[in-house]
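Me: I am new to this structure and would like to know what the terms used for it rest on. Please go through them one at a time.

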Amino acid sequence: MLVFLALDLGLFHRKAHVVTFKEALGWTTVWFVVAALFGLGLWYFRGKQEAVVFATGYFIEVSLSMDNVFVIRADFHLFPGPK
């Protein structure tokens with residue numbers, strides 16, 4: 001995990017910039033494929049049970065992160081800040 005974090009922050013995103021929807025979708029796809037390959041590796045080396053546990057945890061985490069997006073949007077809508 002630390003290797004992927006170092007790659008993401010140290011190599012791929014060294015300079016701050018506005019992220020477009022297309023770029024965000026591309027990076028989401030890349031990290032989803034990496035997770036899927038990891039799950040397939042688990043299935044091959046450790047068996048179906050561990051792969052299913054990993055996939056279940058992964059999809060729960062994705063669901064919870066999307067929930068956070070909606071909560072943050074609601075917060076900004078309800079409490080717009082100073083004008």
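**Patch, loop and pocket**

Reply: In this predicted model, Val 3, Phe 4, Leu 7, Leu 11 and Phe 12 make a nonpolar surface patch of about 450 Å².

Me: Why does Phe 12 count as partly exposed?

Reply: Phe 12, found in helix H1, has a relative accessibility of 39%. Buried means under 20% and exposed means over 50%, so Phe 12 at 39% falls in between and counts as partly exposed.

Me: Why is Val 18 called exposed?

Reply: Val 18 has a place in the loop between H1 and H2. The relative accessibility of Val 18 is 74%; exposed means over 50%, therefore Val 18 counts as exposed.

Me: Where does Val 18 stand relative to Asp 8?

Reply: Their C-alpha atoms are separated by 16 Å, and the two residues are 10 apart along the chain. Asp 8 is one of the residues that line the largest pocket.

Me: What makes up the lining of the largest pocket, by residue class?

Reply: The lining divides into 9 nonpolar residues, no polar ones and 1 charged. Asp counts as charged, so Asp 8 in the lining is a charged residue. Among the other lining residues are Trp 31, Phe 38 and Tyr 58.

Me: Which helix supplies the largest share of that lining?

Reply: H2 does, with 4 residues. Helices H1, H2 and H3 each supply at least two. The volume of the largest pocket is about 340 Å³.

Methods: Residues numbered from 1 in each chain as written. Predicted model: local features only at pLDDT ≥ 70, side-chain atom pairs only at ≥ 80, totals over all residues. Heavy atoms only, no water. 1 Å grid on protein atoms, 1.4 Å probe; cavity = no way out; pocket = protein on both sides within 12 Å on 5 of 7 lines; lining within 4 Å. Points joined across faces, edges and corners; volume = space filled by probe spheres on them. Buried < 20%, exposed > 50% of the residue type's maximum accessible area, 1.4 Å probe, protein only. Patch = residues over 30% accessible without salt bridge, like charges linked within 9 Å, V, L, I, M, F, W, Y side chains within 5 Å. Areas by Shrake-Rupley, 256 points an atom, 1.4 Å probe, with all protein chains shown as cover. Salt bridge = Lys/Arg side-chain N within 4 Å of Asp/Glu carboxyl O.
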